[in-house]
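My plan is to look things up one at a time and jot down what turns up.

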Amino acid sequence: MSDVKEKITEIVQSQPDDASYEEILRELAFEHMVQRGLKDVREGRVVSNMAMEQQIRSWSK
């Protein structure tokens, strides 16, 4: 089984028996976002806190 299928199976099986379809999808989406963020960090696609602070401040102008 591929790593992706194994991770999905692990996430689905870790959910309570009464978990809704939406709750399971939310957990899968969260895992995907975390993995994508970690990949961005490994590949150097990051923004410093200072740069982000300046960008956020520019939104309120």
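Before I start, a cut-off I'll need: buried means under 20% relative accessible area, exposed means over 50%, and partly exposed is in between. I also note that this is a predicted model.

**Entry: K7 and E31**

I looked up K7 and found 31% relative accessibility, so K7 counts as partly exposed. Its partner is E31: the two form a salt bridge, with the closest N and O atoms 3.9 Å apart. E31 sits in helix α2 and K7 in helix α1, so this pair ties together parts that are 24 residues apart in sequence. E31 has a relative accessible area of 18%, which means E31 is buried.

**Entry: R45 and its partners**

How many salt bridges are there by the rule used here? I get a count of five. Two of my look-ups involve R45. R45 pairs with D40, with the closest N and O atoms 2.6 Å apart. R45 also pairs with E43, and there the closest N and O atoms are 2.5 Å apart. I checked how open these residues are. R45 is partly exposed, at a relative accessible area of 46%. D40 is partly exposed too, at 23%, and E43 counts as partly exposed at 43%. I then noted that salt bridges with shared partners join K7, E10 and E31 into one network.

**Entry: helix α2**

Helix α2 covers residues 21-42, which is 22 residues, and at 1.5 Å a residue it should span 32 Å. The end C-alpha atoms are 32 Å apart, so the two agree. After α2 comes G44, and its phi is positive, near 80°.

**Entry: a negative patch**

Which residues gather in a patch of negative charge on the surface? I listed D17, D18, E22, E23 and E27. D18 is placed in the loop between α1 (3-14) and α2. Is D18 buried or exposed? Its relative accessible area is 66%, so D18 is exposed.

**Entry: Q54**

Last, I looked up Q54, which is found in helix α3 (residues 49-59). Q54 has a relative accessible area of 51%, and since exposed means over 50%, Q54 is exposed. I also checked Q54 against R26: the two are 28 residues apart along the chain, and their C-alpha atoms are separated by 31 Å.

Key
Residues are numbered from 1 along each chain as its sequence is written. This is a predicted model: local features need pLDDT of at least 70, side-chain atom pairs count only at pLDDT 80 or more; totals for chains, interfaces and linings use all residues. Side-chain values use heavy atoms; hydrogens and water are left out. Helices (H or I, at least four residues) and strands (E, at least two) are DSSP runs, numbered from the N terminus. The expected span of a helix is 1.5 Å times one less than its number of residues. Buried means under 20% relative accessible area, exposed over 50%, partly exposed in between (1.4 Å probe, protein chains only). Patches are made of residues with over 30% relative accessible area and no salt bridge: like charges are joined within 9 Å, nonpolar side chains (Val, Leu, Ile, Met, Phe, Trp, Tyr) within 5 Å. Accessible areas come from the Shrake-Rupley method with a 1.4 Å probe; for residues, only the protein chains shown count as cover. A salt bridge is a side-chain nitrogen of Lys or Arg within 4 Å of a carboxyl oxygen of Asp or Glu. Lys and Arg count as positive and Asp and Glu as negative; His and the chain ends are not counted. The place of a charge is taken as NZ of Lys, CZ of Arg, CG of Asp or CD of Glu.
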